[in-house]
Amino acid sequence: MTPARPNKLLGNWLILLACMIFGMVIGGGHARTINAGFSIQVWRPITGFIPPMTAADWSYLFGLYQKTALFQSHPISLAAYKALFWPMFLDRCWGRLIALTFIIPFVYFWYTGQLSRRLKLWLGAVFLAGAGQATYGWYMVQTGMQPGVLSPPPAWAGPHLVTAMMVLFALLWTGLSIRTPTPAHLPGAQTLRRLTSASLALILLTMFYGALVATTNAITVFNTFPTMDGQWIPKGFLTFQPLWWNFIANQATVQFCHRLLATITALTVLATATLGLRAPLPPALRDNFLIVAALVALQYLLGMTTLILAAPELGYVHELNAVLLFGATTLARHGLRGATAGRRLSPSLAVGAE
Ligand code: HEM
């Protein structure tokens, strides 16, 4: 899939796109924090970058927003609507900028013969996944037109965050592999590599449940830690029917799952990072594990504080830090591509370009 020779420009382009996806999470998370998700009820993928300019434009957009259940339960003025509109508008423009930052260099790299056939197909698939993610986002916005829907339904938000992380992972991994096609040979680091893979999967699963905590508004209940209002298994844990629905929409169950997963994740990630710091790895990779350890500790602390203070603004910081943790763990896992079973070498003997 990746060329045998390093191609820094190509690699940096993909890493830049991964950073832009992080920017999208910053924008989307902010829009959610100020409850602006349903503010633009039109989708014009190409011409949508032109902002409303006349009173008639505003009246049309505001008219659509007035049809949402959210407006009907909390009516607002046109001025207040504009304060919701602009952040969401910028977020969507950012999405278009990501698409352009993908397409224009893609065409350039294609025509200058820098893309192998497999890489063309792979990048095409990543682009389609990104486009699918945007379409999915639009359907989430449209749920606001349904009667009684005041925020995107929980079953929509979890997959949205996880898919965004998968696209970010694909871009980052491919970009790094193109920059450094030959992995450093790291004998004896196979267990560490497996643990880092497990850490990544656990972080993603915990993030999925974090999104469910956010969209079910479970931040408003059980604001104590470590117990949930004095109980280890919260009141109302499995009261919904059918049973599986509890794991998507029941505030008690969702918050319990997020806490449990977060604890397992934090312990696994910390154990992995400790092993990484003790292993004879190249210095950059050890620094990477130090960052992962710091980020996971901060993440846990932020989660507890968000919950105890019931502060969604802090929840936003907690969300962004989760993405940084996911990114840093991806970097560490990438650095371990060349890990094999067998006797350890000292760091200076580890060969390769990492
Ligand atoms: C490895 C550890 C953790 C990870 C990866 C993680 C991840 C996340 C993510 C990604 C979100 C936001 C999702 C979104 O806004 O769409 C979130 C939300 C949340 N998390 Fe965590 N979390 C962790 C630990 C914790 C802990 C230990 C607690 C509390 C005991 C906690 C409590 C919360 C709460 C209350 C929210 C909802 C915030 C809001 O409504 O704005 N998290 N988590």
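**Close-up views of a predicted model**

**View 1. Gly-29 and its contacts.** Leaving aside neighbours within four places in sequence, Gly-29 is in contact with Tyr-316, Glu-319 and Leu-320; two residues are in contact if their C-beta atoms, placed from the backbone, lie within 7 Å. The model shown is a predicted one: local features need pLDDT of at least 70, side-chain atom pairs count only at pLDDT 80 or more, and totals for chains, interfaces and linings use all residues. Residues are numbered from 1 along each chain, as its sequence is written. Gly-29 lies in helix H1; helices (H or I, at least four residues) and strands (E, at least two) are DSSP runs, numbered from the N terminus. The C-alpha atoms of Gly-29 and Val-317 are separated by 9.1 Å, although these residues are 288 residues apart along the chain. Gly-29 counts as partly exposed because it has 19 C-beta neighbours inside 10 Å. A residue is buried if 20 or more other C-beta atoms lie within 10 Å of its own, exposed if 12 or fewer, and partly exposed in between, with C-beta atoms placed from the backbone.

View 2. An unreviewed UniProt entry places the feature "transmembrane region" at several spans, including residues 12–31 and 260–277. UniProt positions are given in the numbering used here, feature names are shortened, and annotations may be inferred rather than shown by experiment. Residues 12–31 are 100% helix and 0% strand, and the end C-alpha atoms of this span are 29 Å apart. Residues 260–277 are likewise 100% helix and 0% strand, with end C-alpha atoms 26 Å apart.

**View 3. The largest nonpolar core.** This core has 52 residues, of which Ile-21, Leu-168, Leu-171, Val-292 and Leu-325 touch the most other members. A nonpolar core is a set of buried Ala, Val, Leu, Ile, Met, Phe, Trp, Tyr and Cys residues joined through C-beta atoms within 7 Å. At least two residues of the core come from each of helix H1 (8–33), helix H6 (154–179), helix H7 (190–215), helix H9 (251–278), helix H10 (283–309) and helix H11 (312–335). H6 gives the largest share, twelve residues. Domain 1 (1–181) and domain 2 (184–354) each contribute at least three residues to this core. Leu-168 touches Ala-18, Ile-21, Phe-22 and Gly-327, not counting residues up to four places away in sequence. Another core, of twelve residues, lies apart from the largest one and has Ala-36, Tyr-65, Phe-85 and Met-140 among its members.

**View 4. The contact between the two domains.** The domain assignment of the protein gives domain 1 (1–181) and domain 2 (184–354); such bounds come from an automatic or database domain assignment. The C-alpha centres of domain 1 and domain 2 lie 25 Å apart. The contact takes 21 residues from domain 1 and 22 residues from domain 2. On the side of domain 1 that touches domain 2, H1 and H6 are the elements that give two or more residues. H6 gives the most to this side of domain 1, with twelve residues. By class, the side of domain 1 that touches domain 2 has 15 nonpolar, six polar and no charged residues. Ala, Val, Leu, Ile, Met, Phe, Trp, Tyr, Cys and Pro count as nonpolar, Asp, Glu, Lys and Arg as charged, and the others, Gly among them, as polar.

**View 5. The shell around the ligand.** The ligand is surrounded by 29 residues, and the closest are Gly-210, Ala-214, Ala-262, Gly-303 and Gly-315. A residue is near a molecule or strand if its C-beta atom, placed from the backbone, lies within 6 Å of it. H6, H7, H9, H10 and H11 each supply at least two residues of the shell. The shell has 17 nonpolar, ten polar and two charged residues, and draws at least three residues from each of domain 1 (1–181) and domain 2 (184–354).

**View 6. Backbone details in the loops.** A cis peptide bond, with omega about 5°, joins Phe-225 and Pro-226. Pro-226 lies in the loop between H7 and helix H8 (246–249). The peptide bond from Gln-241 to Pro-242 is cis, with omega near -5°, and Pro-242 lies in the loop between H7 and H8. Asp-229 is found in the loop between H7 and H8 and has a positive phi of about 50° although it is not a glycine. Asp-229 is exposed, because 11 other C-beta atoms lie within 10 Å. Asn-35, in the loop between H1 and helix H2 (55–65), is not a glycine either, yet has a positive phi of about 65°. Asn-35 counts as partly exposed because it has 14 C-beta neighbours inside 10 Å.
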